[in-house]
Protein chains: 2
Amino acid sequence: MPHLPPAIPGMPLAEVDTPALVVDLDAFERNLKKMAGFVAKAGVRLRPHAKTHKSPIIGLKQMQLGAVGLCCQKVSEAEAMVEGGIPDVYVSNEVMGARKLDRLAALGHQARVMVAVDNEAAVEALGTAARKAGVTLRVLVEIDVGANRCGVPPGAPAVALAERVGREKGLVFAGLQSYQGRAQHLRSLAERKEAIGQAIAWTADTVTALKKAGLECEVVGGAGTGTFEIEGASGVYNELQAGSYVFMDADYARNLKADGSRFDTFEHALFVYATIMSMPVAERAVIDAGLKAFTFESGMPEVTGLAGALYERPSDEHGGLNLAACNERPRLGDKILLIPPHCDPTVNLHDWYIGVRNMGTLSARVESVWPVAARGAVF
Amino acid sequence: MPHLPPAIPGMPLAEVDTPALVVDLDAFERNLKKMAGFVAKAGVRLRPHAKTHKSPIIGLKQMQLGAVGLCCQKVSEAEAMVEGGIPDVYVSNEVMGARKLDRLAALGHQARVMVAVDNEAAVEALGTAARKAGVTLRVLVEIDVGANRCGVPPGAPAVALAERVGREKGLVFAGLQSYQGRAQHLRSLAERKEAIGQAIAWTADTVTALKKAGLECEVVGGAGTGTFEIEGASGVYNELQAGSYVFMDADYARNLKADGSRFDTFEHALFVYATIMSMPVAERAVIDAGLKAFTFESGMPEVTGLAGALYERPSDEHGGLNLAACNERPRLGDKILLIPPHCDPTVNLHDWYIGVRNMGTLSARVESVWPVAARGAVF
């Protein structure tokens, strides 16, 4: 481990072994440029989330287009990004445990490091680790703006925790972490606007309260692929943390725009390539990609290139294809591209990105084979 | 990649970093011995499934207790097992594609190799690969005994395919693959007995029809952790392929025995160790193990050691703990053990097994750190 890659550069797409995690490089690059253009126009910074791609190669491409650094969700993910050359990492999550905090502080010798906190005990432990390592760590106070997950309440509790950070040697208060995760997949734009409107109001109130206490927010961070346009236009948030926009998945594509049409601001750029390995009857095929090639908490993968085919009944290493509504009948051995239901945990199952140029044409070829460097970086 | 392990041998359990995949070595060894005792008494062979543990270290322990070899579900999984010293591997699945078949045939120079087929095209391609490599591959014909996944129908179609195998130079017909996967999680013993009774009848008919055609079944293989006692007592099956029994998971524990009590033939020996990283309110905690530490197609993980606590609302790197029904209140930084809903795909997320001796006592210590060698071996 890790295993050999399922392809080599130069190979036609059809020769790639399966299951493989395939990136449509043209669509991927357009997604990167589209987001870079949006933040430039909105006058906000972009710090994309590495929990989606887990690749410093992709992170450096985002930084070349103007991103100020990366968000990570785990210390080990941040380590993998710094090893790969990313100079500025933010662990946008609570970190507990002395060993983890020592590793985080050690990273401060190699990169600019920032981390989130939502309680006093963490501030104290973080300060101890920073002083022991002889580094200064920047800290964002996480507030709960409706996600009902981590974070202190907006307003006075956030001010109290920020002041506590300010008193801890080795730490610098740098602003607010204010991510409304629950709003990302609300289907209508009106629902997303309502939820994020509330998050913006709470965040603005907290920024004002901090200012009254003499604390400036260099960073007001949050937003995801489902809502970044709202936070970006708020005048309150100044650093957007979207991740999935690089790949888009089937779940985000079920979001709707203002006119009720599907959210197509970004293109599907990530696929799992699979082979039809059994066709017991004409209306049913079995492919070689199941619970170890996708995750299923956001529904079923979407089949491309075979109108009417439905993925169903995943088991560990098999997936069913219901062909009842298909006019076209695939053949045993045919390979197909499927859109993952949820890109982040699906990426985390694979060791390699197979980058393909000119996808959808007869000249589709493998251009790049990149490791999913932080795959399995859970701690 | 792979990442450093979250523990070193000798460390107290409480010092293991999280999330970590923890094996209760005492329970695990009892599970191994219990199954070895069962098959010895039933007079059948055991070929446990490596898709559960993906570890040749564990596979060799199973063979030391009498297992005849391992089942694998992918060629890459078989490669990892042979690299780790397993001398006899069976890919209990259809294999399509020239590159994969060449790899499978190459493995025939290093180990005894067997594979399943369910169609003529695969027989022809497999024969070509075997002859090119200069090896002889043993072949089981897969029949569909109610799982409605892969396999030819029992009876005449199976005989025709077996005869086709017999005519292909480089291949040897070795018997039947006859696995009823859908029966494994039928909750009552009566339902499982009915489904497997039907599978046994179809399998027996096919064995008889093959015999009439002059074809002997050296192997009649199938069964899983939910039904192995039924196939084992059938007089028809002679090689059991259970995998999950080594670890047991929350889903298998929901099966019921004849008297309606929970299926406790095997003990829970696999856990994910996690840390409480945030406690925004008294009734709710957040742990550091979500969609990248478990898979959720079989429900939620079960919390141990904290009566009444319910795991809920997983996100990529977070899991919620609902503490409303708990008398005991955990503290920030506490570590807890959770039983995975479904062991196979959960194992596939982790790089290391942390083996702990004397679990549940104050002297619980890490004894072994084993790689999940075939993690991500999907092709």
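In this predicted model, 55 residues of chain B are in contact with 55 residues of chain A; contact requires C-beta atoms, placed from the backbone, to lie within 7 Å. On chain B, the side that touches chain A draws at least two residues from each of α5 (98-107), β10 (270-281) and α10 (343-347). The most comes from β10(B), with 4 residues. Helices (H or I, at least four residues) and strands (E, at least two) are DSSP runs numbered from the N terminus. The predictor assigns the complex an ipTM of 0.96 and a pTM of 0.97.

The model is predicted, and local features need pLDDT of at least 70, side-chain atom pairs count only at pLDDT 80 or more, and totals for chains, interfaces and linings use all residues. Residues are numbered from 1 along each chain as its sequence is written, while chains are lettered from A and ligands numbered from 1 in the order in which they are written. For chain A the mean pLDDT, the predictor's confidence in each residue from 0 to 100, is 97. A pLDDT of 70 or more is reached by 99% of the residues of chain A.

Chain A holds 10 helices and 17 strands. Its radius of gyration is 22 Å, close to the 21 Å from the globule rule for 379 residues, so chain A is as compact as a globular protein of that length. The radius is taken over C-alpha atoms, and the rule is 2.2 Å times the number of residues to the power 0.38. Along the principal axes, the C-alpha atoms of chain A fill a box of roughly 70 × 45 × 35 Å.

Of the 379 residues of chain A, 58% are buried. A buried residue has 20 or more other C-beta atoms within 10 Å of its own, these atoms being placed from the backbone. The largest nonpolar core has 262 residues. Such a core is a set of buried Ala, Val, Leu, Ile, Met, Phe, Trp, Tyr and Cys residues joined through C-beta atoms within 7 Å. Val115(A) and Val115(B) are among the residues with the most contacts inside the largest core. Beyond its neighbours within four places in sequence, Val115(A) contacts residues including Val91(A), Leu104(A) and Leu126(A).

In chain B, 8 strands form an open parallel sheet, ordered β2-β9-β8-β7-β6-β5-β4-β3. Strands pair if DSSP finds at least two bridges between them. The edge strands are β2 (45-46) and β3 (70-72) of chain B. Strands β4 (residues 88-91) and β5 (residues 112-117) of chain B are joined by 4 bridges. Val89(B) has Val113(B) as its bridge partner in β5(B).

Definitions and conventions: A residue is buried if 20 or more other C-beta atoms lie within 10 Å of its own, exposed if 12 or fewer, and partly exposed in between; C-beta atoms are placed from the backbone. Two residues are in contact if their C-beta atoms, placed from the backbone, lie within 7 Å.
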